[in-house]
There are 2 protein chains.
Amino acid sequence: MPLIIDSIEKHVLLTPEEKELFASKLEIQQHKAKTILLSPGEICQYSYFVNSGVLRSFNINDNIVEHVLQFACKGWWIGDMYSLISQKPGNLFIEVLEDAELVLLSKENQEQLYIEIPKLERFFRILIENSLVAHQERLMDNLSLSAEERFDKFCKRYPDLMQKIPQKQIASYIGVTPEFFSKMKSRMLKNKI
Amino acid sequence: MPLIIDSIEKHVLLTPEEKELFASKLEIQQHKAKTILLSPGEICQYSYFVNSGVLRSFNINDNIVEHVLQFACKGWWIGDMYSLISQKPGNLFIEVLEDAELVLLSKENQEQLYIEIPKLERFFRILIENSLVAHQERLMDNLSLSAEERFDKFCKRYPDLMQKIPQKQIASYIGVTPEFFSKMKSRMLKNKI
DNA sequence: ATACTTTCTTAACCTAGGTTAAGCACAAAA
DNA sequence: TTTTGTGCTTAACCTAGGTTAAGAAAGTAT
């Protein structure tokens, strides 16, 4: 599994033995689109690394409306962080949007690797730092930008996702209804011509 | 400085020598309310731990409106995470809201401590994990809850802050204007009587 | 005490985005 | 091939929250 190793070695270098030890703790799974890997109420046991395909995490509020927390494509990690670290029932769904090959790292193996290969604790610290910064930026964007501006940023940040996923998912990610998204999109097109 | 040590030892235990080494890397500062510790365009050099007082981080968008990213009271850390890890110019103000005593840990000292006391890298990993979870929850709340519901959650999560800071700051944190916040508050009062 | 600044409130009016509902265009089953 | 979904669009109407403006209240500095 070269992709996951490469992605780690962008931040910390591993010896061949460490790579082997690390690899021995991983599990690979193939999943079809529409598979639900995790549902609210369940305890998240794994960090999921995406070898191929696309996943999303989302929740559903009282009004039966979905809100996307995160998309994950090739090379990204996904999970229910709250449930994973607290080992309490989570609030998120994790769903496969496009047929996917995943690398699973269980909570226990991850904790053990922190001890056996401290460099991996550093790697995950850096990974989480970056994730935090991205979430902070998105939070501020939701407070201060219009739906149109958020959509523009989304297009720039995830240009490939536009093709891969239904646009109602993007609407949900930027925080508007599919109906409004459609209206907005056609308005933006008109204004650009 | 027992508070910062105690807060670390909730997650990892330090030997007396480690505590001393750690303490030797810290700097203590007193600051008056209204002091701006960091402005957009500057590179954030420190993680700030609050011994007493209250701080906030916020940005200002084109329309000259402020948005609060975070409050920090006694026992909390604050900084411009983006700028701190990238060492590029940041986007945030960090301001003292109530006279404060701060413990400063410089970026370089923090990096060095990760090497000298790996347990501290673990501590900060855990700290950042918790912060990420909190930001994820706030993001989802902003997508799915009404202003009134967000205010309720804020009151429960930060009951002490209500007394300490001007309510326009709370309005900014939950993502509404001070005028609307005032209207909403009196409406909520009426409905509860 | 007085003046000056900042915060809070209220009210009239406005708008970005939500809701409901209907029709259309696909794709997947059957 | 019909049916049954699932997603997209459009349009009429609605509402949470924003804007502008002005006065009251409460700090803060002189």
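Trainee: What makes the sulfur of A:Cys73 too far from the closest cysteine sulfur for a bond?

Mentor: The closest cysteine sulfur, in A:Cys155, is 14 Å away. A disulfide needs a pair of cysteine sulfur atoms within 2.5 Å, so at 14 Å the pair is too far for a bond. This is a predicted model, in which local features need pLDDT of at least 70, side-chain atom pairs count only at pLDDT 80 or more, and totals for chains, interfaces and linings use all residues. Residues are numbered from 1 along each chain as its sequence is written, chains are lettered from A and ligands numbered from 1 in the order written, and side-chain values use heavy atoms, with hydrogens and water left out.

Trainee: How many disulfides does the structure hold over all chains?

Mentor: It holds 0. B:Cys44 is in no disulfide either, as its nearest cysteine sulfur, that of B:Cys73, is 19 Å away.

Trainee: Why does A:Cys73 count as buried?

Mentor: Buried means under 20% relative accessible area, exposed over 50%, and partly exposed in between (1.4 Å probe, protein chains only). A:Cys73 has 10% relative accessibility, so it counts as buried. B:Cys44, at 0%, is buried too.

Trainee: What makes A:Asp80 a residue with no salt bridge?

Mentor: A salt bridge is a side-chain nitrogen of Lys or Arg within 4 Å of a carboxyl oxygen of Asp or Glu. For A:Asp80, which is buried, the nearest side chain of opposite charge is A:Lys107, 11 Å away. Lys and Arg count as positive, Asp and Glu as negative; His and the chain ends are not counted.

Trainee: What does the side chain of A:Asp80 reach at 3.4 Å?

Mentor: It reaches the backbone nitrogen of A:Asn91, and at 3.5 Å that of A:Leu92. A:Asp80 itself is found in the loop between strand S5 (77-78) and helix H3 (81-86) of chain A. Helices (H or I, at least four residues) and strands (E, at least two) are DSSP runs, numbered from the N terminus.

Trainee: Which residue meets A:Glu66 in a salt bridge?

Mentor: A:Arg56 does, at 2.4 Å, N to O. The pair links strand S4 (residues 66-72) and strand S3 (residues 46-60) of chain A, with the two residues 10 apart. A:Glu66 is partly exposed at 32%, and A:Arg56 is buried at 2%.

Trainee: How do you know that the two copies are related as by a two-fold rotation axis?

Mentor: Chain B can be laid on chain A with an RMSD of 0.0 Å by a turn of 180 degrees and a shift of 0.0 Å along the axis. The two copies are therefore related as by a two-fold rotation axis. The superposition is by least squares on the C-alpha atoms of residues with pLDDT of at least 70 in both.

How values were computed
Polar contact = N/O pair within 3.5 Å; in protein donor to acceptor, adjacent residues only side chain to side chain.
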